[in-house]
Amino acid sequence: MKINNYAKGVILTFLGAICWGISGVLGEYLLNVSKIDSLWVISNRLFYSGLFMILFLYFKQNKEVFNVFKAKKDIFKLVNFAFLGLVICQATYFLAIKYTNAGTATVLQYLGPTMIMVYYCIIKRKLPKLNEFLAIVFSLLGIILISTHLKFDSLIISKEGLFWGLFSALGLTIYNVLSIDLIKKFGSMLTVGWGLFLSGIVVQIATKSFYIPNNFNLVDLICMLGVVIIGTIVSFTLYLQGVTLIGAVRGSIIACVEPIAAIIFSMLLIGTHFSFYDILGSAIILFAVLLLNRR
């Protein structure tokens, strides 16, 4: 049976989002089960993800992968994106996983679209539309449910987990804002690939992470390869191919399956427990993201 382009786009986008969700759970295993140092995971994820992505693109585009270095202004933008966007976004996300779990960290990072909307409302000096205002309200409600379970005398989620989760949403906001011009000119994969690789080199050297952790076993290696390959090349390739067939708006809506996948795989593979309030809060935050995609 021949699949039409729209159905193919939906499937590819869906699978790309699933890969991102799986990558988060593999990271959770490394951090919370194997107890591997978070700085090691973050630095090696940046470096090897970037390296593999650039090599992958080189075989497809040859010397075109170096076009980003032809103009000084593009190099400046790339450096800003790499260290102010990617490092903050990736590092805070994995720290959020360390202090919570993959599902919760991914959901909290999905507050990023609401933060982006607020940012543009501020710089353009305009009030949010009704759907944007409701997105803010639902996002706040989702945070309250996840962090308190309606028990307002204490936090259910750890303070560190909430802090890094909200910081990762801010990181996602910075990441998106700083990447706009570069992605328009060079495409998503090339921009992200060089951003990961350049930041990875510096972070690797700064953290001295060129070593193999103690008790690093085959399962840990498979998980790390999954974080690097499934979470970058496979996910980006599938997602971007899907988006070219169905459009960015529909693609971003389907991408909301990522935190759902992270929650499900976290429960099935690691045995992470999620309460009713965690699920409800996550659903409300994702509903807020869907509201922002309404035209």
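Student: By class, how many nonpolar, polar and charged residues does the lining of the largest cavity have?
Tutor: That lining has six nonpolar residues, one polar residue and no charged ones. Here Ala, Val, Leu, Ile, Met, Phe, Trp, Tyr, Cys and Pro count as nonpolar, Asp, Glu, Lys and Arg as charged, and the others, Gly among them, as polar. This is a predicted model, in which local features need pLDDT of at least 70, side-chain atom pairs count only at pLDDT 80 or more, and totals for chains, interfaces and linings use all residues. Residues are numbered from 1 along each chain as its sequence is written, and side-chain values use heavy atoms, without hydrogens and water.

Student: Which residues line the largest cavity?
Tutor: The lining consists of V68, L78, L182, F186, L190, T191 and W194. A cavity is a set of points, on a 1 Å grid over the protein atoms alone, where a 1.4 Å probe fits but cannot get out, and lining residues have an atom within 4 Å of a point.

Student: And which helix gives the largest share?
Tutor: Helix α8 does, with three residues. Both α7 (159–186) and α8 (188–207) supply at least two. Helices are DSSP runs (H or I, at least four residues), numbered from the N terminus.

Student: Changing topic, how far does α9 reach?
Tutor: Helix α9 (residues 218–246) has 29 residues and spans 39 Å from first C-alpha to last, close to the expected 42 Å. The expected span is 1.5 Å times one less than the number of residues.

Student: Where is the kink in α9 centred?
Tutor: The kink, of about 35°, is centred on S235. The bend is the angle between axes fitted to the seven residues ending at a residue and the seven starting there.

Student: What comes just after α9?
Tutor: G247 follows, with a positive phi of about 100°.

How values were computed:
On a 1 Å grid over the protein atoms alone, a cavity is a set of points where a 1.4 Å probe fits but cannot get out, and a pocket is an open set with protein on both sides within 12 Å along at least five of seven lines; lining residues have an atom within 4 Å of a point.
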